[in-house]
Amino acid sequence: MKRIILALLLCCTSFAFAMGTKDKGNQDYIASTSWTAAFADLAGIDDVQTVAPVTLRHPPEYEITVSDIEAISARKYFIYAGFERMMQTMGTSVGSVQMVQITCDNSIATVQKNAQILSEIAGTQEKSKERVARYVAAVKAGAAQIEAMGYKGARVLCNKNQVYLAKELGLTVAATFGPGPVTAEQIADAKKNGYVLIIDNVHNPVAQPLVEVSPKSVYVIWRNFPEAVEPDALLHVIEANINALVDSLK
């Protein structure tokens with residue numbers, strides 16, 4: 001069934017071109033979401049268009065359209081993570097497009113790895129080096145700020161999709177929850193252990209029951225997917241997350 005759907009979409013591509021559809025942005029690269037596009041930016045690749053609209057709360061749920069297939073098939077490279085719903089339809093092959101799968105989390109190690117993979121493809125290593133350095137510096141500055149406030153090692157109950165930045169900032173991720181609804185066991189644990197912080201995920205927030213049973217815990221909501229495709233998009237995301245954390249702890 002997947003192959004039939006994809007074949008139909010590809011057949012419609014020629015019709016879309018005949019109707020005068022034009023692509024915008026980088027003509028060699030396209031990304032599944034604003035998150036994968038942000039890793040391309042860190043790799044020194046500019047103006048990468050996304051398939052899923054940046055306005056979605058949870059971009060991985062986006063369903064592809066004929067025009068999306070057209071946009072992908074017109075590029076040389078498609079950057080994706082693998083967890084996107086669109087991949088269930090597309091599989092791992094669209095015409096002659098080279099599929100480039102990367103890992104999506106905001107740890108320094110993953111940022112460096114993705115930047116290396118993508119910049120070697122694009123030949124943008126020097127630009128990437130500067131951008132990654134700014135990202136690393138921002139995370140380390142955030143960790144220093146958290147330590148100066150006396151919260152280094154603070155025990156955190158963290159949404160699984162946000163554990164990477166929490167660890168980078170020097171927090172202790174003592175337990176996790178999500179991305180699905182919290183369980184009775186997790187609620188009991190939150191009530192018993194009184195975590196300093198509960199960090200949730202704005203793209204699929206589920207922590208409210210935990211906050212209710214642990215009212216002394218500081219509740220913070222972070223994001224992963226940038227709200228815009230722009231230079232330093234992922235840097236802006238982690239800076240906003242750090243600022244939200246710092247403000248909540250004052």
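Which residue in β6 stands opposite C158? The model is predicted: local features need pLDDT of at least 70 and side-chain atom pairs count only at pLDDT 80 or more, whereas totals for chains, interfaces and linings use all residues. Residues are numbered from 1 along each chain as its sequence is written, and side-chain values use heavy atoms, with hydrogens and water left out.

The residue opposite C158 is T176 in β6. Strands (E, at least two residues) and helices (H or I, at least four) are DSSP runs numbered from the N terminus. Strand β5 (residues 155-159) runs parallel to strand β6 (residues 172-177), and 5 bridges join them. Between β5 and β6 the chain passes through helix α7 (residues 163-168), in a right-handed β-α-β crossover; with the strands pointing away from the viewer, right-handed denotes a clockwise path from the first strand over the helix to the second.

On β5, L157 stands opposite I198 in β7; β5 and β7 (residues 197-201) pair in the parallel sense over 3 bridges, where pairing requires that DSSP find at least two bridges between two strands. The open sheet of 4 strands has the order β6-β5-β7-β8, with parallel pairing. Because β6 and β8 (218-222) stand at the edges with a single partner strand each, one side of each lacks a neighbour in the sheet.

Helix α2 (residues 34-42) is largely enclosed by the rest of the structure, because 9 of its 9 residues are buried, that is, under 20% relative accessible area with a 1.4 Å probe, protein chains only. Among them are W35, F39 and D41. G44, with a positive phi near 90°, follows α2.

Technical notes. Buried < 20%, exposed > 50% of the residue type's maximum accessible area, 1.4 Å probe, protein only.
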